[in-house]
Amino acid sequence: MTDNKTLYAAYADTVEAALKALIADGTLPEDISLANVTLEPPRDPSHGDLATNAAMVLAKPAKTNPRALAEAIAAKLEAEPGIASAEIAGPGFINLRLDPAAWLDEVRSVHALGEDYGRSQMGDGTRVNVEYVSANPTGPMHMGHCRGAVVGDALSSLLEFAGHQVTREYYINDAGGQVDTLARSAHLRYREALGEEIGEIPEGYYPGDYLKPIGEYLAKEVGDKYRDAPEDEWLAYFRAEAVEQMMQLIKADLALLGIHHDVFASEAALHAAGKPDEAEAWLRKNDLVYDGVLEAPKGKAPPEDWEPVELPLFRSTKYGDDQDRPIKKSNGKWTYFGADLAYHMQKAAEADELIDIWGADHAGTVKRIKAAVAALSEGEGNPIPFDVKLVQMVQLMRAGEPVKMSKRSGNFITIADMIEEVGKDVVRFTMLTRKPEAQMEFDFAKVVEASKDNPVWYVQYAHARIKSTLRKADEEEDISPSDEALDRLGEEEIALIRRAAQFPREVEAAAKAREPHRIAFYLYDLATDLNAFYSLGNTDLEKRFIVKQDKPLSAARLFLAQAIGQVLSNGLRVLGVQAVDRM
């Protein structure tokens, strides 16, 4: 195996070299593609260490029998150093068994690569824009935003670890009726800060106490200048100031989660720059927008006040949508879709791929915005991959009972509330213990339990346990990790190495699927295997990491423990979770 190359990558190269040798000797045609050849652990570990589908996927284009081709490939592979055997299974799968030394070399690779173990160049510098959170700037970050925020941030880190250039983006929805309501709510708190008795918050205003500091800030900035002024004199100013103050609060809340965006794109700035007009002109030029009349609402009689109105319609049905969509309202203002279309056009100009993280309540708009991006990409002659990840809401519980709402916010539990109670790491890891599209409960009591049923605790405990063992070896037994006696490690240790060695391919698989939760699942499995090995020492003292009467073996096991700790640390770092040394 080559220096600093992980095991799966190295043996993938070995398989490729064997196939190229068969091309060179005429067994395989020169123009055959090897793109679909894979090397993976077999589903049943008893079948071997690695399995390749090479014969299965190449037999047809090579116009040969899969089993016959498998025999030729197996013969080449068995001659390679590190491969003990290549066995053909079923119609042509090839199972490889490696020499134990190959697995021991992987432990050395973990040490050599350190924090870079598992890092991949698969992304090849592809520019990916990941937009996530994008909450209306009208209140603090709350649980409705938390899961999508964590998924988006962990996905961004995962893609960077896999070799992509990632831009983390937040789209500020600061150009709608909700920000006018925010401005009026802030003006009310401004009057309150000036000493006025405002009474009960009017219906339709934002009631939370979080607006009081904004009112106090505005009172200091402008005094009583706008207390009795007509709305048209202060609305624009209060809107801009309130949005700015709210974004500072939102950024601070996100920072508590360890989240920092690279770009904050403003919808108001998008309109001010004329981007929707530019998008409409471009779409009309490419016959993707036309003036037409929307159909009456389907499935029921139209409302009495419904009238057919001619509107500029985007040809979204051309790209799979069920109807064409208006980009402007009858009053000439842009629809949310029209502005969103222009926004995605703006993003696409700076990226090779777009990913949006949305709440599941936005599922109805996925088809139309995908149609828009497909149209824009097609017109530019450079298709932009675009994916929308939908994230389900989280039900907050406490010992099985729904959690009461926060007084600070007025009607929701804030991210700050959660982190104050259980900590950033617990929140982040827990949000990744289910697929984003699956329903989820966050029970304040369960997420801090010290048990195997709590994945957050269990993975961090595994890392802390390794660190504790290493400290004990150093301080009490004067034993340091060493690879000199690695060849004394047995089958139980090799099984642990096999699991650790899967980390680089788990990173690539998770990045390809855009699913960071896979890393959380993998870390739990690795922690389970580590703790299972620890438990062997409860009944057999010779299986412990530290065997007092055998320092060389202890040093080798500690070298392995360090490597497992490094893998756990690297995986947790991808998820934005700290690998703790003590618990």
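This report covers aromatic contacts, a surface patch and strand pairing in one predicted model.

Residues are numbered from 1 along each chain as its sequence is written. In this predicted model, local features need pLDDT of at least 70 and side-chain atom pairs count only at pLDDT 80 or more, while totals for chains, interfaces and linings use all residues, and side-chain values use heavy atoms, without hydrogens or water.

**Aromatic contacts**

A pair of aromatic rings is described by the distance of the centres and the angle of the planes. Here, rings of Phe, Tyr and Trp (its six-membered ring) pair if their centres lie within 6.5 Å; planes under 30 degrees apart count as stacked, over 60 as edge-to-face and the rest as tilted. The count by this rule is 17 aromatic pairs. Tyr117 and Phe503 are stacked because their ring centres are 6.4 Å apart and their planes stand at 25 degrees. Tyr117 sits in the loop between helix 4 (100-113) and strand 5 (127-131), and Phe503 in helix 17 (residues 503-513), so the pair ties together parts 386 residues apart in sequence. Helices (H or I, at least four residues) and strands (E, at least two) are DSSP runs, numbered from the N terminus.

Buried means under 20% relative accessible area, exposed over 50%, and partly exposed in between (1.4 Å probe, protein chains only). Tyr117 is buried at 0%. Phe503 is buried too, with a relative accessible area of 0%. Elsewhere, ring pairs link Tyr190, Tyr226, Trp234, Tyr237 and Phe238 into a cluster.

Charges also sit over rings. The rule asks for NZ of Lys or CZ of Arg within 6 Å of the ring centre and within 35 degrees of the ring normal.

| Charged residue | Ring | Distance from ring centre |
|---|---|---|
| Lys251 | Phe264 | 4.2 Å |
| Arg398 | Phe444 | 4.6 Å |

**Strand pairing**

Strands of a sheet pair through backbone hydrogen bonds, either parallel or antiparallel. Two strands count as paired if DSSP finds at least two bridges between them. Strand 3 (residues 83-89) and strand 4 (residues 93-98) are antiparallel, over six bridges. Ala86 has Leu96 in strand 4 as its bridge partner. The two strands form a hairpin with three residues between them, and Gly90 in the turn has a positive phi of about 60 degrees.

Strand 13 (residues 394-398) runs parallel to strand 15, joined by four bridges. Leu396 has Phe442 in strand 15 as its bridge partner.
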